[in-house]
Amino acid sequence: MPMAPAPDFETLTIADIARLSEADRLPPVDRWNPDHCGHSDMRISRDGTWYHQGSPIGRLAMVRAFSRILRREPDGGYVLVTPVEKLDIDVEDAPFVAVELKAEGEGREANLAFRLNTGELVTASAEHPLRFVEHEDGPHPYVHVRGGLEALIARSVYYELAERALAGDDETPGVWSAGTFFPIAS
């Protein structure tokens, strides 16, 4: 059965996003423990492009399908897992990229939702925290997606977050979402 197309992010409210996220039932990859079968010959680049045997996977439906069976292992590695096999996959930074932001409300009443490169929707909250890591090339912002999997927040989306943080009146620059404060600098 084919997957339903991703909803139009522009027309969704934060409440719509929360409802869709709650209704999106993912496979129980955390309960599957098959034998390790080797490497998948797949890699996810820093920009979120998925590759198989060195060639980009051009069909978003394939990427979405693979992203649903992705799991983070206790050793920090990544695998694609089904009930019968487990294959390693290389991830250069984070397996997802947050490519679009929807913000409703201001200050403590704000809610921030992200559309990922796979079409998945995530609302920043205590369960899906934002974190900001300083590197030589600047900050690397992330949002927790599920089970130890994160999305790197695209630079343009980070600038939207920074603009919101600087416009706020909090002592430490940061953003609020779902009642949780996330400082953008440590």
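Strand S10, residues 130-135, and strand S11 run antiparallel and are joined by six bridges. Keep in mind throughout that this is a predicted model. The two strands make a hairpin, with two residues between them. If you want a place to start in the viewer, take His135, whose bridge partner in S11 is Gly138.

Now S11 itself, residues 138-146. How many of its nine residues are buried? Eight of them are, and the strand is mostly covered.

On its other pairing, S11 is joined to strand S12, residues 149-153, by four bridges, and these two strands are also antiparallel. Here Arg146 stands opposite Leu149 in S12. S11 and S12 form a hairpin too, with two residues between the strands, and Gly147 in that hairpin takes a positive phi near 45°.

S13 gives the most, with three residues. By residue class, the lining of this pocket splits into five nonpolar, five charged and three polar residues.

You will find Ser40 in strand S1, residues 36-44. Is Ser40 buried or exposed? Its relative accessible area is 8%, and the cut-off for buried is under 20%, so Ser40 counts as buried.

What is around it? Setting aside neighbours within four places in sequence, Ser40 is in contact with His52, Leu80, Leu87, Asp88 and Ile89. Take His52 from that list: Ser40 and His52 are 12 residues apart along the chain, and their C-alpha atoms are separated by 7.9 Å.

The side chain of Ser40 also has polar contacts to backbone atoms. One goes to the backbone oxygen of Asp88, at 2.7 Å. Another goes to the backbone nitrogen of Met42, at 3.1 Å. So if you select Ser40 in the viewer, you have a residue that counts as buried at 8% relative accessible area, with Asp88 among its contacts and the backbone oxygen of Asp88 at 2.7 Å from its side chain.

That is what I have; I will take questions now.

Note on methods
Residues numbered from 1 in each chain as written. Predicted model: local features only at pLDDT ≥ 70, side-chain atom pairs only at ≥ 80, totals over all residues. Heavy atoms only, no water. Buried < 20%, exposed > 50% of the residue type's maximum accessible area, 1.4 Å probe, protein only. Pairing = 2+ DSSP bridges. Nonpolar A, V, L, I, M, F, W, Y, C, P; charged D, E, K, R; others polar. Contact = heavy atoms within 4.5 Å. Polar contact = N/O pair within 3.5 Å; in protein donor to acceptor, adjacent residues only side chain to side chain.
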